[in-house]
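Biologist: Please take me through the charged and aromatic side-chain contacts of this entry.

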Amino acid sequence: MCTVVVRWSAGRPVRVLALRDELTTRGFDDPGRWWPELPDVVGGRDSAAGGTWCATDVGTGVSALVLNRPQKPTAEPGAASRGVLPLLGVTHGPDWLAQAQLEGMASFRLVLAAPDGLTTWDFDGESLTTTAHAEGTTMITSGGPEDRKADRHLPAFTAADAPDGWRALVQSAPPQDDPGALVVRHEEDGMVFATVCGQLLEARPGALRLEFSRRPWTAGSWQVTDLATTRGR
């Protein structure tokens, strides 16, 4: 996951745009209820490690997303995958850390977007930093050269309505070989790293409106699903 935009304010649904950049050869499943032990959790599932980059608990309206960070790009042998972190985030909220094994894990930024606040945790491979974000619209990237994305695009997202205005911004340009672009495509040594999907979320306790596309820059490619909590059935 390389770009996340969150709009949060008290008493209103949490709105999220999530653009995932990954090797195009790495398979994944579209968002669904993939984890039987977590029947209210919806997210895409990574085929390689079984985790996710973006998960929402429909019952609580909490979403958690993980972005790779550049400080420690490779995990040590036997370390946990970063894909477990969104599942821990939506299950345990701000107390996710008590359930996590960070030793040896690659660096990351974990985003927790809840009805009562937006919090991020940055792990550089050794230390963890926590940041509580103010109400409004926030753009979060994987860091390094991608930090230019916020300078370039955040004012437009702040001014635009969600989700329609946000979707239009994503569709304003095709994938580019530019780390500051919203949707990207980089090719090197026969390998392609690109924006492989996009998600638009509107979450409130008990209900989730989910839009998903494997070609988010393309008009007409977004599929819309309205989901309700399974709790109490």
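Biologist: How far apart are the closest N and O atoms in the salt bridge of R20 with E22?
Modeller: This is a predicted model, in which local features need pLDDT of at least 70 and side-chain atom pairs count only at pLDDT 80 or more, while totals for chains, interfaces and linings use all residues. Residues are numbered from 1 along each chain as its sequence is written, and side-chain values use heavy atoms, with hydrogens and water left out. A salt bridge requires a side-chain nitrogen of Lys or Arg within 4 Å of a carboxyl oxygen of Asp or Glu. R20 and E22 meet this rule, their closest N and O atoms being separated by 3.6 Å.

Biologist: Is R20 buried or exposed?
Modeller: The classes rest on relative accessible area: buried is under 20%, exposed is over 50%, and partly exposed lies in between (1.4 Å probe, protein chains only). R20 has a relative accessible area of 5%, so R20 is buried.

Biologist: Which residues are linked with R20 and E22 in a network of salt bridges?
Modeller: The structure holds 16 salt bridges. Within the network that contains R20 and E22, the other members are R26 and D46.

Biologist: How many residues apart in sequence are the parts that R214 and D30 tie together?
Modeller: R214 and D30 form a salt bridge with closest N and O atoms 2.9 Å apart. R214 lies in the loop between β13 (207–213) and β14 (223–228), whereas D30 belongs to strand β3 (residues 28–32); strands (E, at least two residues) are DSSP runs numbered from the N terminus. The pair therefore ties together parts whose separation in sequence is 184 residues.

Biologist: Over the face of which ring does R214 lie?
Modeller: A charge sits over a ring if NZ of Lys or CZ of Arg is within 6 Å of the ring centre and within 35 degrees of the ring normal. R20 lies over the face of F28 at 5.5 Å from the ring centre. R214 is placed at 4.0 Å from the ring centre, over the face of F28.

Biologist: Is the aromatic pair of F157 and W166 stacked or edge-to-face?
Modeller: Rings of Phe, Tyr and Trp (its six-membered ring) pair if their centres lie within 6.5 Å; planes under 30 degrees apart count as stacked, over 60 as edge-to-face and the rest as tilted. By this rule there are five aromatic pairs. F157 and W166 lie 5.9 Å apart centre to centre, with 75 degrees between the planes, and the pair is edge-to-face.

Technical notes
Helix = DSSP H or I, 4+ residues; strand = E, 2+ residues; numbered from the N terminus.
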